[in-house]
Amino acid sequence: MSEQTVPAAAVPTAPSRLGRWWARADVRLTSLVLVLVALCVVGHLTRPDAFLTEGNISTVLRLAAAIGVVSVGMTFVITAGGIDLSVGSIVALSSVWMTTWATQSYGVGVMVLCALLVGTGCGLVNGLLVAYGSVVPFIATLAMMASARGLAERISGRQTQVVTDPAFGAVFRGDLLGVPVLIWIFAVVFAAGWVLLNRTTFGRRTLAVGGNPEAARLAGINVRRHTALVYALAGLCCAIAAIMVVARTTSGASTNGLFYELDAIAAVVIGGTLLSGGRGSMTGTLLGVLIFTTLSNVFTLNNFETDIQNIAKGAIIVLAVLVQARFRRRARAA
């Protein structure tokens, strides 16, 4: 009689250090980091003479700063279940207002204050239309997009307004500890946005309103007021971005902020914030901004036409939305 061997019980093995790190890591954010690294590799391979130079890196970060500030505001709007198509036009109107109607002889303080008031006011109008006028966010912000851009053209006469106050450039175009002031402004706005979304009652209410407005109302949240505040916050971010654009270009023009809504929405969606609301990631938005700015830089260095860049951005947005929809279906089925 032959002996039968009993298989030894499977003994679980301890995961490796890499396995433990991967288990703790946020796969989505890690994937975004890998995409960013891959873009940098492509940029270096295609333009080794230009991509990793100090001047080009500084240019990428300066461009990312203004879009990044707009994207912080857009993250709150989309997390709350809305959308804002007017951010680019609000940037244009704020920049034109601060360089034209706010007479530059009044000084830097008046110029900055005018931009902040105009941007926040436009955002608040969006919020009031959506929250108290029951206007669909797409329509309300589409109307603001057209109106703000038209008003900017009317005020400026479609002429570029050059900043003549040397104090403005001295404040916003300089460096602090070797880092451009514009990048410091973006860092401060991003940090404030991260804290506001993840560590405050305002952030928790934004998630609740975006996830289920009726449940949020029954929980005691004033949904209408909170929605209006979220859009006003987005307008404030647009005003800050307008100041940064004027600082970078030394001029205000009705063409400022073109396609910012496309870049901001793309960065937010790629970063993992749900278009349907209820989930937002400020860190994901930061990575999305860096990915899109780097992608544009690689295209520009390799002499791709602007329309090709826009087609690629549109395709990436569609891909990100399809991936989100797939993950939602899996989550519901689980």
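This is a predicted model: local features need pLDDT of at least 70, side-chain atom pairs count only at pLDDT 80 or more; totals for chains, interfaces and linings use all residues.
1. Angles under 35 degrees count as roughly parallel, over 145 as roughly antiparallel, 65 to 115 as roughly perpendicular and the rest as oblique.

2. Numbering starts from 1 along each chain as its sequence is written, and side-chain values use heavy atoms, leaving out hydrogens and water.

3. Helices H3 and H11 (residues 223-249) pack at an angle of about 175 degrees, with axes 8 Å apart; the axes are lines fitted to C-alpha atoms over the stretch in contact, and angles run from 0 to 180 degrees between N-to-C directions. H3 and H11 are therefore roughly antiparallel to each other. Helices here are DSSP runs (H or I, at least four residues), and strands are too (E, at least two), numbered from the N terminus.

4. Now find Ser-86, in the loop between H3 (54-79) and H4 (87-99). Is Ser-86 buried or exposed? Ser-86 counts as buried because its relative accessibility is 0% (buried is under 20% relative accessible area, exposed over 50%, partly exposed in between, with a 1.4 Å probe and protein chains only).

5. Leu-177 sits in the loop between strands S2 (175-176) and S3 (179-180). Leu-177 isn't a glycine, yet has a positive phi of about 60 degrees. At 75% relative accessibility, Leu-177 counts as exposed.
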